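Please look over the sequence and the model shown here before reading on. The report that follows takes up a few kinds of side-chain contact and backbone detail in turn.

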Amino acid sequence: MKFTLSWLKDHLDTSASVDEICEALTDLGLEVEEVFNPADRLKAFTLGKVTHAEQHPDADRLRVCTVQTDEGSKQIVCGAPNARTGITIVLCKPGDYVPGIDLTLSVGKIRGVESHGMMASERELELSDEHDGIIELPSGEIGERFVDWLAENAPEKVDPTIEIAITPNRPDALGVRGIARDLAARGLGKLKPMEKHLPESKFSSPIGVTIDEDTRENGCFVFAGCYIKGVENGPSPEWLQQRLKAVGLRPISKLVDITNFFTYDRNRPLHVFDAGKVSGDLRVHRAKGGEAFVGLDEKTYTLGAGQVVISDENGVESIAGIMGGLETGCTMETTDVFLEAAYWDHIQIAMTGRALKINSDARYRNERGIDPGYNMQAIEDATAMILELCGGEPSNVVIAGEVPDVSRAYKLDAKRVQSLVGMDIPETQQRQTLTALGFKLEGNMAQVPSWRPDVLGEADLVEEVARIASLTKLVGKPLTRATAGVPKQILLPLQKREQAARRMAAGLGYNECVTYSFVDQKSAALFGGGEDTTRLENPISSEMSHMRPDLLVGLLQAAARNQARGFADLALFEVGPVFSGGEPGEQALQVSGLLVGKTGPKDVHGESRAVDVYDAKADAEAVLAAIGAPAKVQVMRDGPGWWHPGRHGKICLGPKKVLAIFGELHPKVLREMGVKGPAVAFTVWPEEVPEARNKSATRPALQASDLQAVERDFAFVVDANVEALTLVNAAAGADKALIEKVHVFDEFIGGSLGEGKKSLAITVRMQPQDKTLKDEDIEAVAAKIVEKVTKATGGSLRG
């Protein structure tokens, strides 16, 4: 939306500067995008007077002039035919930039005579295309700034143009008057009363108007027209042409320019038909589809079924609210016109404009919403302007339909406004603000003006008050705490665990992945999912048809993509939900990590090796420790089918309390997922970790014994199919208070042991807490260990 300062002052009595106006507009929500001030390029030029002029000694068409300036007399060589003694001119001094010739002046010689500047023409200063001679001013003092002289004598030549961005919810600001109203409410001036006209009708309109029944409800609400005969069309007056040019419009003729003026001045699109070319009455109706129409832009459009048009007996003459037709358009020979002012359904306008790909000022405003309450006055005001500029006699106003009732009111709660805005705005100021914006207050109810379709509730009243009061005045204040002291923890325990697990995994060298919660059915089935309970009703694609049953699905897919691009060694992890069904309780949080390839790049020391199950075990234990899992746990077998049957383990607190699982992934799963090489992984369930009994943030005191620990080695002969874990757990259970640690240090198969037997050697570390162990104490514990192991494994102590 563009407008000039002088145009704004037609509606706003203000002495504010351009900078003050622009700052206020942006603060009001009408963001200023550009300001073009012609005075900026003319600031350097001053007035001078030619005190003497004589013929150039070496050129017939040049004259050597003596010019009196604010810096004394200067000699200037000029070739203008009107350069003579006694005229007041516009002086450009050496060092000044002349925009019309794109040149910075300097002292020079013209045919051997020095010239200290130049006397400018209007084209050289980009004031007009006039260049037959230099500017002659009828008044002015020597040394006076040219921009000051123009501001007083020809203000239209230095009229600043302001362009603002209009948000879709502010159609009222698409007219200069709406902008002036906002500025007046802010306090940058006083809104001038709008003059209302009521031309006296001289005859009955020979053109009638009707609206089809199926078009009244959501097509055209009201259509008003006035027949004006005996008009004299022609070029518009200079002031009107200047305004239209300033906002980027091309002046065409008086009749057309008047409608364009109302479009920008009052946000009121109008249309004038050449009445002499209209056959019969006008009818507003919906197109059948397929009709051809030639618009004012001389393009042919094929209408779609249901689009609202205006027709006479010959056919379609206008696309309603968007563009008139070339056939009934006004020309310089037009003598009789039919002026139209209508209120259209904005959704219908938008749909038709988009379908036909027509962008016009009328469509832009009608689809955003114009003022229905001004419709009848608009045709009177426009008729008066046509009579003033073109002459003629008006008919009575013919009307079809009726102006829709858009009246509504909302409660103004002054205390609620202050609470929401956070500013101390007195109730009297709130009421004054709304009144200045056109609202009518009846008690605490605010009647919304017809030109504000965006105000649809009490919250909008709050926004209007805050907007005018200026949110730049809002002072930041810290929120008061409910209780004094250090605030309580905000995150839930599970959220803290999730945070700790993510940080630990990243610290171990893993890269975090964020994958879709949706996977394909085949991949989901490999991890115990893919059933109808987790199938999506409306999936994004066939590859995202089911909710993921395990995070390893996404991690393996990411690994396959990376391997395909040459990245063989990977360490990936993810934290997120997995789903066993579609009900609220069938969701769990997982932390999963995946190691693929080798532990590091090749090196001369040979330290690089393939990842193994113990890498995954160590990382799983580190994550569990980070989220507060107990140190003493059991490692058991019998994990799900996607783990390698002999190379995985479950970290448990009991047979049914599984905290984590680690190990190699099944080769079949890797093959189906397209992952090459060794791949180990771990999965942790943070929700399964019991909460600590001591919830204090402080760590407990270190429990270090000052008594000597004792280690004893045992070797047992057991069947070859006995798991080492069973033996270790049995030994550790012999005396849980005294035995601190049990680990396997040797395995021997074959030899004298015989077929189907093996020897497992363990070290048991005993840590006394209250007294030093004696030989008999150690022997008693050793006997218990042998007893427990023998009972659990069926083995015997090796001799």
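Which residues do ring pairs link into a cluster? The cluster is made up of Trp7, Trp239, Phe261 and Phe262, joined by ring pairs.

## About the model

This is a predicted model, in which local features need pLDDT of at least 70 and side-chain atom pairs count only at pLDDT 80 or more, while totals for chains, interfaces and linings use all residues. Residues are numbered from 1 along each chain as its sequence is written, and side-chain values use heavy atoms, with hydrogens and water left out.

## Aromatic pairs

A pair of aromatic rings is described by the distance of the centres and the angle of the planes. Here the rings of Phe, Tyr and Trp (for Trp, its six-membered ring) pair if their centres lie within 6.5 Å, and planes under 30 degrees apart count as stacked, over 60 as edge-to-face and the rest as tilted. The structure holds ten aromatic pairs. In one of them, the ring centres of phenylalanine 223 and tryptophan 344 are 6.3 Å apart and the planes stand at 80°, so this pair is edge-to-face. Phenylalanine 223 belongs to strand β16 (residues 220-229) and tryptophan 344 to strand β24 (residues 337-344), so the pair ties together parts that are 121 residues apart in sequence. Helices (H or I, at least four residues) and strands (E, at least two) are DSSP runs, numbered from the N terminus. Buried means under 20% relative accessible area, exposed over 50%, and partly exposed in between (1.4 Å probe, protein chains only). Phenylalanine 223 is buried, with a relative accessible area of 0%, and tryptophan 344 is buried too, with a value of 4%.

Another edge-to-face pair is formed by tyrosine 510 and phenylalanine 682, with 5.8 Å from centre to centre and 90° between the planes. Because tyrosine 510 lies in the loop between α14 (493-507) and β29 (511-512), and phenylalanine 682 in strand β37 (residues 679-684), this pair ties together parts that are 172 residues apart in sequence. Tyrosine 510 counts as buried at 5% relative accessibility, and phenylalanine 682 counts as buried at 0%.

## Charges over rings

A charge sits over a ring if NZ of Lys or CZ of Arg is within 6 Å of the ring centre and within 35 degrees of the ring normal. The charged end of arginine 181 is placed in this way over the ring of tryptophan 451, 4.1 Å from the ring's centre. Arginine 368 likewise has its charged end over the ring of tyrosine 364, and there the distance to the centre is 3.7 Å.

Two strands pair if DSSP finds at least two bridges between them. Three strands, in the order β26-β28-β27, form an open sheet with antiparallel pairing. Its edge strands are β26 (409-411) and β27 (440-442), each of which pairs on one side only. Strand β28 (residues 445-447) and β27 pair in the antiparallel sense over three bridges, and lysine 440 stands opposite glutamine 447 in β28.

## Salt bridges

A salt bridge is a side-chain nitrogen of Lys or Arg within 4 Å of a carboxyl oxygen of Asp or Glu, and by this rule the count comes to 39 salt bridges. One of them joins aspartate 40 and lysine 43, whose closest N and O atoms are 3.4 Å apart; aspartate 40 is partly exposed, with a relative accessible area of 44%, and lysine 43 counts as partly exposed at 45%. Arginine 266 and aspartate 265 also meet in a salt bridge, at 2.7 Å from N to O, and aspartate 265 counts as buried at 2% relative accessibility.

Glutamate 464 forms a salt bridge with arginine 452, and the closest N and O atoms are 2.9 Å apart. This pair links distant parts of the chain, with glutamate 464 in helix α13 (residues 458-469) and arginine 452 twelve residues away in the loop between β28 and α13. Glutamate 464 counts as buried at 3% relative accessibility, and arginine 452 is buried at 1%. Salt bridges that share partners join Arg170, Asp172, Asp182, Arg452, Asp454, Glu464 and Arg467 into one network.

## Positive phi values

Arginine 111 has a phi near 55°, a positive value in a residue other than glycine. Arginine 111 is placed in the loop between β10 (108-110) and β11 (113-115), and counts as exposed at 54% relative accessibility. Asparagine 267, which is not a glycine either, has a positive phi of about 55°. The loop between α7 (254-265) and β17 (271-274) holds asparagine 267, which counts as buried at 6% relative accessibility.
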